[in-house]
Amino acid sequence: MDGFEPELTEIYLDALRPEMLLRVYSGPEVEGERTSPWFDTPWRETSPPASDTQPLAGLALPAPNPFIAEDVALLEEQHERPSQLLEAPGFELWHMADASFNTPKVEWRFSLQNPDASSDPRHAVLANLLAGWLEDSLNEEFYAARLAGHDAEAYAHARGITLAFSGWRDRQDRVMRRTLEQLLEGDIDEASFERVRYRLQREWRNAPQAALFRQGHRTLAEALMRPHWSTQSLLDASRELTVVDLRDFRERFLGELRLQALAVGNLDAELARREGRLVAEMLAPTLSREAIPDLTPLRADDELPTLHPLTTREESLVLRYLQGNDRSLETQARLAVLGQVIDTPFYQRLRTEEQLGYVVSAGYSPLLDAPGLSLLVQSPDATSGEIQAHIDAFLADFGQRLAAMDDADLAPYRQAVHDSLLQRDTSLSGLTNRLWRALSFGDTGFDRRERLAQRVLAVTADDLRQTWPGLLETAIATVAYDPGDEPSDVTALARHLEPLPEADD
């Protein structure tokens with residue numbers, strides 16, 4: 001069990017022959033000459049069937065699995081962070097060799113970006129349908145690939161569709177090539193289209209039944225991120241689409257692409273270039289980085305009213321969101337530390353002492369790279385008005401807590417945030433996903449979390465006292481709900497909001 005030994009495996013496989021078969025049959029009608037000493041059960045041994053017995057028709061071993069890796073040598077190359085291997089019109093490739101998990105596996109991410117992927121609910125639904133169809137249409141064919149340790153996933157996002165490949169370094173290119181062939185040329189049939197649409201519609205139709213606190217956070221994201229469409233708008237748009245619409249969308253989507261790629265794992269730069277070029281040549285991307293709209297966090301303002309989610313839950317909710325004034329590392333560091341400081345006293349007071357609700361939380365809650373604090377209470381008894389009054393009283397008293405805090409008191413909170421930011425990745429997929437998120441934010445130095453962690457250690461008690469009043473006076477967003485409230489038209493109410501400014505770090 002310590003390692004792969006092909007010679008030993010061949011010995012065992014060679015022994016798996018019909019003449020070596022021991023077949024056991026048990027049933028109430030069996031009569032035997034002997035009795036089992038353990039179960040007091042009769043049993044007997046019979047001779048094998050006659051040599052002229054014919055095998056059952058239609059039984060056969062499967063064909064050799066073409067995805068099983070043969071080269072499982074572990075490469076020792078190890079990089080500190082990704083570097084860019086290729087940059088061409090419409091395409092960029094990043095690579096990081098990693099041997100820290102002691103396995104010859106590789107994680108690939110390809111972002112297929114199109115300017116219209118989320119321009120409205122209809123396009124967002126079509127992107128989801130295309131990704132879902134791709135997985136559905138390859139599900140049976142890739143059973144062998146999954147048995148061999150490879151995995152392929154497609155999912156839609158605000159900029160388009162991501163293709164994610166995980167598995168052994170050897171033979172991974174076969175999975176990638178077949179996935180792209182299907183995406184480019186596979187038949188989008190009516191049955192597969194209906195299966196995928198049904199699954200998506202079921203998910204969107206059931207969204208109002210989800211946990212109320214999750215619906216509160218989703219409603220907040222719909223208001224303060226662009227583009228971000230409600231589940232109801234996606235459900236409505238899906239009802240009018242046909243398989244012909246999806247076929248047309250695939251053609252338009254693939255006709256205007258930008259491709260961003262990242263390879264992390266036990267592969268060298270030469271292999272990464274070769275497999276990256278394979279994908280780029282098949283997709284032929286042409287668009288520049290500037291042609292793809294950014295996913296943008298918005299600034300809350302006084303004109304944004306209290307928002308009500310679309311829900312069937314018979315409970316009350318208040319989600320108060322205190323937004324930072326910009327997206328700088330300095331503001332992120334201060335609010336991250338504030339979130340650590342406010343967590344326990346908020347829960348202690350509103351949940352333990354006042355027993356206001358059974359879901360009570362407060363902490364740092366960024367939207368993309370836009371910093372903010374969320375304070376949430378979900379209650380089966382108290383109304384949203386009562387909850388808001390308790391939250392207001394807590395916020396007023398929390399300022400006094402900050403006033404009494406010195407840097408020595410703050411030190412363990414800073415250290416906790418610092419250590420959380422730099423927590424070691426426990427899997428190759430986790431490491432890749434973290435780097436992939438960094439790349440999506442434009443962090444091409446892949447050092448933003450380290451720089452943020454250093455800023456966190458520099459936050460002082462005076463910094464928090466200076467920051468706190470501004471959070472209470474400007475840019476507060478509130479999501480609230482009581483049974484019977486009419487859901488808000490979040491898209492219309494948030495249409496006037498402007499982007500939250502970035503800052504040079």
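The model is predicted, so local features need pLDDT of at least 70 and side-chain atom pairs count only at pLDDT 80 or more, while totals for chains, interfaces and linings use all residues. Residues are numbered from 1 along each chain as its sequence is written, and side-chain values use heavy atoms, without hydrogens and water.

**D463 and helix 15**
- D463 lies in helix 15, residues 461–473 (a DSSP run of H or I, at least four residues, numbered from the N terminus).
- Leaving aside residues up to four places away in sequence, D463 touches R334 and A458 (heavy atoms within 4.5 Å).

**Packing of helix 11 on helix 15**
- Helix 11, residues 384–403, packs with helix 15 at an angle of about 170 degrees, the axes being 10 Å apart (lines fitted to C-alpha atoms over the stretch in contact, with angles from 0 to 180 degrees between N-to-C directions).
- The two helices are therefore roughly antiparallel (angles over 145 degrees).
- From helix 11, L395, F398, G399, L402 and A403 meet L464, R465, W468 and L472 of helix 15.
- The residues of this contact comprise 7 nonpolar, 1 polar and 1 charged.

**T331 and helix 10**
- T331 belongs to helix 10, residues 329–353, and is buried at 11% relative accessibility.
- The side chain of T331 makes a polar contact with the side chain of S328 at 3.0 Å (a pair of N or O atoms within 3.5 Å, one able to donate a hydrogen and the other to accept it).
- Beyond four places in sequence, T331 touches G324, N325, D326 and P371.

Methods. Buried means under 20% relative accessible area, exposed over 50%, partly exposed in between (1.4 Å probe, protein chains only). Angles under 35 degrees count as roughly parallel, over 145 as roughly antiparallel, 65 to 115 as roughly perpendicular and the rest as oblique. Ala, Val, Leu, Ile, Met, Phe, Trp, Tyr, Cys and Pro count as nonpolar, Asp, Glu, Lys and Arg as charged, and the others, Gly among them, as polar.
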